[in-house]
Amino acid sequence: MSEMSKVTYRIRRYDPNRDTAPHYETYTIDYTPGLTVLEGLWLIKETLAPDLVWRASCRMGVCGSCGMLINGMARLACNTQISDLGTDQLVLAPLPNFNIIRDLVPDLMPMLSTHQDLHPYVVRDDVAEQEEPTGEYYQSIHDLEQYLQFSYCIKCGCCMAACPTVATDPTYAGPMPLGQVQRYNTDTRDGGFEVRKEAIAGERGPWRCHYAGECSRVCPKGVDPAKAIQLLKRQMVLDVFGLRAKKCPSKLVGKPKDAKRRNGIPEAPKPTV
Amino acid sequence: MIRDQKLWTWHILAGAVILVLLGLHMLTMHMEGVVKLEGLNPASAANEAQGGGKLQPIDWANVKARSAKVFYLVTYILLLGAALFHGLYGATNVVHEANPPRWLHKTVSALAVVVGLGLFAFGTWAAIAAFLLAKAL
């Protein structure tokens, strides 16, 4: 690969205002070591196809905007080195299992709406404390480790694009929203199992997962949504028989009274939420 | 609906029940020479004690002896119920995941319930009738 001087992008194009069906167009650009797929797209837009459209923001695998199908696998364009693909022929398409807005831009709203429906936040009774915090909710390192990896999800949609069940069953919630249900159900600060159970207990629920495991294989952040869904299934089975370990949302720990601030460390800013 | 959560849980449990009962079937019908549990084929032991030849699990004496046991009556009915529920619930799910129109969705579900209950009633009657007949013989 060190001799590679050119790289060819075969990109699926579709403009609903102009095209009746998607088609592929081919662009060849100069390769420089360290070039990512996203940087190549910018180069194509600047020099060859100014009307080419995709979605991107942070350029460092954090925002989850630039998910697309790269050589048959859902990946983040910013996080993918061309040299890692082992070829100078790239085939790019928008993420499968989503409607296409234009070119490489998928419509992620159905996924995000489902995610929103499943209460992906800490649910507690003490709303006043959450609005105006007077302390912190206690959580041990061990408690944190139970859900930490699931909290790395950036909602890029790669798992949804890779899931064969999402491809065939539009009622299924999909790995991202269900993974986040497990993430919050496992959080010791949370007391929202029952409301989430109502939200997922229908046809969109975890029992639709056939455990293909593709979601975990493609996740660019190393999250294991397939595991989250299996753990969620276990919770739901135990819940039917009343055997699920009930957890009280963790207690509030007040601010330490005797602690002194070290010199040069500024006061924490006021909460904004 | 919470119903899906419960039905799916029972689907999994029915699978576990089938696994255990099929193990029992293998022990009774196919592995009698390997795992010698006399209670599984009661007529075999009795026949050998009387100096008779070795009986097969499908020989009439063994079939009759098994049918007369409450243990087998219960396991037959349990296996029937578990297999029907597991199979029909799984089959309806396969159809549902193909995303059929709502009317077909409901028709398949209703059909599965009717067929399942019908076969269960018929199979239970057959098991009880065989039990009573074997007792009478």
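This is a predicted model: local features need pLDDT of at least 70, side-chain atom pairs count only at pLDDT 80 or more; totals for chains, interfaces and linings use all residues.
Lys6(A) sits across from Asp30(A), a residue of strand β2 of chain A. The two belong to an antiparallel pairing in which β1(A), residues 6-13, and β2(A), residues 23-30, are joined by eight bridges. Strands here are DSSP runs of E with at least two residues, helices are runs of H or I with at least four, and both are numbered from the N terminus; two strands count as paired if DSSP finds at least two bridges between them. Strand β1(A) also runs parallel to β5(A), residues 89-93, with four bridges joining them.

Residues are numbered from 1 along each chain as its sequence is written, chains are lettered from A and ligands numbered from 1 in the order in which they are written, and side-chain values use heavy atoms, with hydrogens and water left out.

Zooming out, chain A comes to 10 helices and nine strands. Its C-alpha atoms fill a box of roughly 65 × 55 × 35 Å along the principal axes. Of the 273 residues in chain A, 44% are buried, where buried means under 20% relative accessible area, exposed means over 50%, and partly exposed is in between (1.4 Å probe, protein chains only). Taking the contacts in chain A with a separation of 6 or more, 65% come from residues 24 or more positions apart; a contact means heavy atoms within 4.5 Å.

Salt bridges come next. The working rule is a side-chain nitrogen of Lys or Arg within 4 Å of a carboxyl oxygen of Asp or Glu, and a search of the whole structure turns up 22 of them over all chains. One of them links the side chains of Arg13(A) and Asp103(A), at 3.1 Å from N to O. Arg13(A) is in strand β1(A) and Asp103(A) in the loop between β6 (100-102) and β7 (105-106) of chain A, so this pair ties together parts that are 90 residues apart in sequence. Both ends are tucked away: Arg13(A) counts as buried at 2% relative accessibility, and Asp103(A) is buried at 1%.

Another salt bridge joins Arg183(A) to Asp187(A), with the closest N and O atoms 3.0 Å apart. Arg183(A) is buried, with a relative accessible area of 8%, and Asp187(A) counts as buried at 0%. There is also a network: salt bridges that share partners join Arg13(A), Asp15(A), Arg18(A), Asp19(A), Glu25(A), Asp51(A), Arg102(A) and Asp103(A). The side chains of Asp126(A) and Arg124(A) meet in a salt bridge too, at 3.0 Å from N to O. In this pair Asp126(A) is partly exposed, with a relative accessible area of 26%, whereas Arg124(A) is buried at 14%.

Now for the interface. The contact between the chains takes 17 residues from chain A and 15 residues from chain B. About 1500 Å² is buried between them, 59% of it from carbon and sulfur atoms; buried area is the accessible area (1.4 Å probe) that two parts lose on being put together, summed over both. Trp207(A), Arg208(A) and Val240(A) supply 33% of the area that chain A buries against chain B, more than any other three residues.

Across this interface the rule finds two salt bridges. Arg102(B) forms a salt bridge with Glu203(A), with the closest N and O atoms 4.0 Å apart. On the side of chain A that touches chain B, the elements giving two or more residues are α8 (193-200) and α10 (225-240) of chain A. Helix α10(A) has the largest share of that side, five residues.

Over in chain B, Leu73(B) lies in helix α4(B), residues 70-97. Leu73(B) counts as buried at 13% relative accessibility. Setting aside neighbours within four places in sequence, Leu73(B) is in contact with Ala127(B), Ile128(B) and Phe131(B). Leu73(B) and Thr124(B) are 51 residues apart in sequence, and their C-alpha atoms are 8.9 Å apart in space.
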